[in-house]
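Please look through the sequence and the model shown here, and then follow the paragraphs below, which go from one part of the structure to another.

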Amino acid sequence: MKKLKFDHLLYVIFALVLLYYPVKIAKYYLMDLSYDEISDIVWRGDGCNKDDYPNYKDKECPCGGGLLEPGDSTINKDGLMYIDDKLIGKVTLKEKPSFFSMGEILTGGELEIQDLDTGIICYYDSVLD
């Protein structure tokens with residue numbers, strides 16, 4: 001009798017392990033990313049639309065470039081990104097990164113950060129971390 005209960009327990013554990021990743025993948029694709037999850041992804045700067053603003057004097061994008069690594073920034077509930085308590089701009093997630101990387105450095109995610117002072121939008125691509 002005890003052997004039967006142990007076998008059932010093993011079957012339940014096996015079923016849970018077998019269903020873990022399909023449920024995790026389905027949840028990833030069916031639900032939106034929270035701002036905390038956006039901050040946990042590595043983003044690479046991909047330019048901005050400063051050419052659309054002829055009065056903008058600086059040669060560089062106001063959001064900067066380079067990498068935004070996990071822990072570098074925080075995003076509040078209104079979607080405003082801060083780096084070291086300095087307001088960077090309004091965050092908009094255009095495309096979620098793919099759950100599967102397929103060995104490529106870019107994972108398909110697209111992020112826009114709009115500088116609130118100038119209105120210039122800086123573009124970011126998600127990369128493997």
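By class, the lining of the largest cavity consists of six nonpolar, two polar and one charged residues, where Ala, Val, Leu, Ile, Met, Phe, Trp, Tyr, Cys and Pro count as nonpolar, Asp, Glu, Lys and Arg as charged, and the others, Gly among them, as polar. The residues concerned are Ile-38, Ser-39, Ile-41, Trp-43, Leu-68, Glu-69, Ser-73, Ile-75 and Met-81. On a 1 Å grid over the protein atoms alone, a cavity is a set of points where a 1.4 Å probe fits but cannot get out, a pocket is an open set with protein on both sides within 12 Å along at least five of seven lines, and lining residues have an atom within 4 Å of a point. The volume of the largest cavity is about 40 Å³, a volume being the space filled by probe spheres set on the points, with grid points joined across faces, edges and corners. The count comes to one cavity of 30 Å³ or more.

This is a predicted model, in which local features need pLDDT of at least 70 and side-chain atom pairs count only at pLDDT 80 or more, while totals for chains, interfaces and linings use all residues. Residues are numbered from 1 along each chain as its sequence is written, and side-chain values use heavy atoms, with hydrogens and water left out.

Ser-39 belongs to helix 2, helices (H or I, at least four residues) and strands (E, at least two) being DSSP runs numbered from the N terminus. Ser-39 counts as buried because its relative accessibility is 9%, where buried means under 20% relative accessible area, exposed over 50%, and partly exposed in between (1.4 Å probe, protein chains only). Not counting residues up to four places away in sequence, Ser-39 touches Glu-69, Pro-70, Gly-71, Ser-73, Thr-74 and Ile-75, contact meaning heavy atoms within 4.5 Å. Trp-43, with its neighbours within four places in sequence left aside, is in contact with residues that include Ile-38, Leu-68, Leu-93, Pro-97, Leu-111 and Tyr-124.

How are the strands arranged? An open sheet of seven strands has the order 2-1-7-6-5-4-3, with antiparallel pairing, and two strands pair if DSSP finds at least two bridges between them. Strand 2 (67-68) and strand 3 (74-75) stand at the edges, each with a single partner strand, so one side of each is left without a neighbour in the sheet.

Strand 3 and strand 4 (residues 80-83) pair in the antiparallel sense over two bridges, with Thr-74 opposite Tyr-82 and Ile-75 opposite Met-81. The hairpin of these strands has four residues between them, and Gly-79 takes a positive phi near 85° there. Strand 4 and strand 5 are also antiparallel, over four bridges, and the bridge partner of Met-81 in strand 5 is Gly-89.

The hairpin of strand 4 and strand 5 has two residues between the strands. Asp-84, in the loop between them, has a positive phi of about 50° although it is not a glycine, and Asp-84 is exposed, with a relative accessible area of 71%. Asp-85 is placed in that loop between strand 4 and strand 5 as well; its phi is near 65°, a positive value in a residue other than glycine, and Asp-85 counts as exposed at 78% relative accessibility.

Finally, there is the largest pocket, which holds about 510 Å³ of space. Of the 19 residues that line it, Tyr-28, Leu-33, Ile-41, Ser-98 and Phe-99 are the closest to its centre. Helix 1 (residues 2-30) gives the largest share of this lining, three residues, and the lining divides into nine nonpolar, three polar and seven charged residues.
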